[in-house]
Amino acid sequence: MRPGRSLFDKIWDAHVVAELGGGHSLMHVTRHLMHDGDGVPLQRLTARGLKVRSPELTFATLDHTVSTEPGRTPATASAFAARLALIRARAAAAGIRLFDIGEPGQGIVHVIGPELGLSLPGSLIVCGDSHTCTHGGLGAVAFGIGASEVLHVLATQCLVQRKPRRMRVRFEGRRAAGVTAKDMILHLIGRIGAAGGVGYAVEFAGAAVRALQIEERLTLCNLSIEMGAKIGLVAPDETTFEYLAGRPYAPAGAAWEAALRYWRGLPSDEDAVFDREVEIDAGAIAPQITWGTSPEQVVAVDQRVPDPAAEPDPARRQAIEAALDYMGLQPGAPIAGTPVDWVFIGSCANSRISDLRAAAAVARGRRVAEGVHAWVVPGSEAVKRQAEAEGLDRVFKDAGFEWREPGCSMCLAMNGDRVPRGQRSVSTTNRNFVGRQGPGARTHLASPAMAAAAAISGRIADVRRL
Ligand SMILES: CC(C)[C@H](C(=O)O)[C@@H](O)C(=O)O
Ligand code: SF4
């Protein structure tokens, strides 16, 4: 008998156009998402005398380099004005739909794909960005590709890939109050390490994953790449279908019914085999916060940062020392109570409406601590408008937060939004690398509620004790 197939296998196999030998397959791309760095591959394509093969399957937005200054317009100058002009012109010439500043649809590429219903279960989605794994939260195989691969997809709508191995991570049990999808994934990365997922497509399963709303599943999958897995995905279910129904690019009418039939057959078979299995008791997870310069350097908020003296392995001891030194932390000190200068609520990890609601619930009726700069950068124009309709912008502004325009912003500080050297930030982003939020900036990754709690307290604080 044929062994059971996993969610990942079913989607992958359905997109193979040809087996090329040597483990390589030619894959059809359902949707190609582009961001403001992709004007260059479009330009190269034209220079080679080629055309975009399927412009109707290609969508672009502006995110990494746009200004997030309140009141910005499409013409607001940024240091990257030429880059924005290039992608606008090339996308228009190629017939690619680009969502520009001020339009609903503009935003961080991994926020707008799901929001517009461009990212669908059972599809193969690529984008020249490592956090493309986010879209796996809807039951898609989605992964980041490099610049030359972007060119290949533009020219052919296909891509040569090697099939990764399969891992399943089951979060069983129930989360405690105050514990979010961000805490689940940070906890997992802390446990298996920043390279623990290299070479795998990771299916997240188990009762605690089934219980997650779609936006939480997107957060969970977003950080797959931070454990080295290019692909993370969750089986589609009724929660997925409810989320997608009626979205602008989701199928409608008879096409929706046909899609549902296909999607319902996607979950992993009972007897599906995985190359690696990990099980986690979701009930034992506490709110997490990173202390170091890799997402794997993470503790529960009520724990202490490590003491290198207690680490027998010399290489690991040195890594801990270097991280503590960069982060300006004392060995073995409790992480809670560490004073903070900045709080950033945003990025493709945590800038959706549910994230802003969670942060606003903490901020409501309170004040940002003296001397702390706290920013909220919605993930998309649609998120921004929804938040304003709910009055969340007022909640944030009344508390002393700055309410800004959608984009990547201080997640990677490419557009000039940055944390000054030596200053400490609690950030809802996905990378705490050296210099990520600006040269010399110190980043602690956490959930939106934990970030808001830090803004209010002026220190790293346990949101459960506020
Ligand atoms: C600039 C871009 C290509 C990059 C990525 O690939 O992820 C960025 O989005 C990031 O988060 O570091
Ligand atoms: S928000 Fe951050 S992680 Fe996401 S795409 Fe933009 S820069 Fe990359």
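User: Which loop is the place of C348?

Analyst: In this predicted model, C348 sits in the loop that runs between β15 (342-345) and α12 (353-363).

User: Is C348 buried or exposed there?

Analyst: C348 is buried, because 27 other C-beta atoms lie within 10 Å, and the cut-off for a buried residue is 20 or more.

User: What is C348 in contact with, leaving aside its neighbours within four places in sequence?

Analyst: With those neighbours set aside, C348 is in contact with I108, H110, V111, H131, T134, N222 and G379.

User: Which residues does the UniProt annotation "binding site" cover?

Analyst: According to the UniProt record, which is an unreviewed entry, the "binding site" annotation covers C348, C408 and C411. These residues span 64 residues in sequence, yet no two of their C-alpha atoms are more than 8.8 Å apart, so they gather at one spot.

User: And where is C408 found?

Analyst: C408 belongs to the loop between β17 (402-403) and β18 (424-427). C408 is buried, since 31 other C-beta atoms lie within 10 Å of its own. Not counting residues up to four places away in sequence, C408 touches D63, H64, I108, S347 and M414.

User: Turning to ligand 2, which residues come nearest?

Analyst: There are 13 residues around ligand 2, and S347, C348, C408, C411 and L412 come nearest.

User: Why does ligand 2 lie between the domains?

Analyst: Domain 1 (1-285) and domain 2 (288-465) both give residues to its shell, so ligand 2 lies between them.

User: What about ligand 1, which residues are around that one?

Analyst: Ligand 1 has G37, H64, D129, S130, H131, G144 and L412 around it. By class, this shell has 1 nonpolar, 5 polar and 1 charged residues. L412 is also one of the residues that come nearest to ligand 2. H64 is one of the residues that C408 touches, while H131 is in contact with C348.

User: Back to the loop between β17 and β18: what is the phi of S409, which has its place there?

Analyst: S409 has a positive phi of about 55 degrees, although it is not a glycine. S409 counts as buried, because it has 30 C-beta neighbours inside 10 Å.

User: And A413, what is its phi?

Analyst: A413 also has a positive phi, of about 60 degrees, and is not a glycine. The place of A413 is in the loop between β17 and β18. A413 is partly exposed, with 18 other C-beta atoms within 10 Å.

User: How many residues of domain 1 are in contact with domain 2?

Analyst: 42 residues of domain 1 are in contact with 37 residues of domain 2. On the side of domain 1 that touches domain 2, α4 (109-116), α6 (181-192) and α8 (214-222) each supply at least two residues. The largest share, 6 residues, comes from α6. That side of domain 1 divides into 13 nonpolar, 20 polar and 9 charged residues. The centres of domain 1 and domain 2, taken over C-alpha atoms, are separated by 24 Å.

User: Finally, what does the model score?

Analyst: The model scores ipTM 0.99 and pTM 0.98. The protein chain averages a pLDDT of 97, and 100% of the residues score at least 70.

Methods. Residues numbered from 1 in each chain as written. Chains lettered and ligands numbered in written order. Predicted model: local features only at pLDDT ≥ 70, side-chain atom pairs only at ≥ 80, totals over all residues. Near = placed C-beta within 6 Å. Domains from an automatic or database assignment. pLDDT = per-residue confidence, 0-100. UniProt positions renumbered as here; feature names shortened; annotations may be inferred. Helix = DSSP H or I, 4+ residues; strand = E, 2+ residues; numbered from the N terminus. Buried ≥ 20, exposed ≤ 12 C-beta atoms within 10 Å, placed from the backbone. Contact = placed C-beta atoms within 7 Å. Nonpolar A, V, L, I, M, F, W, Y, C, P; charged D, E, K, R; others polar.
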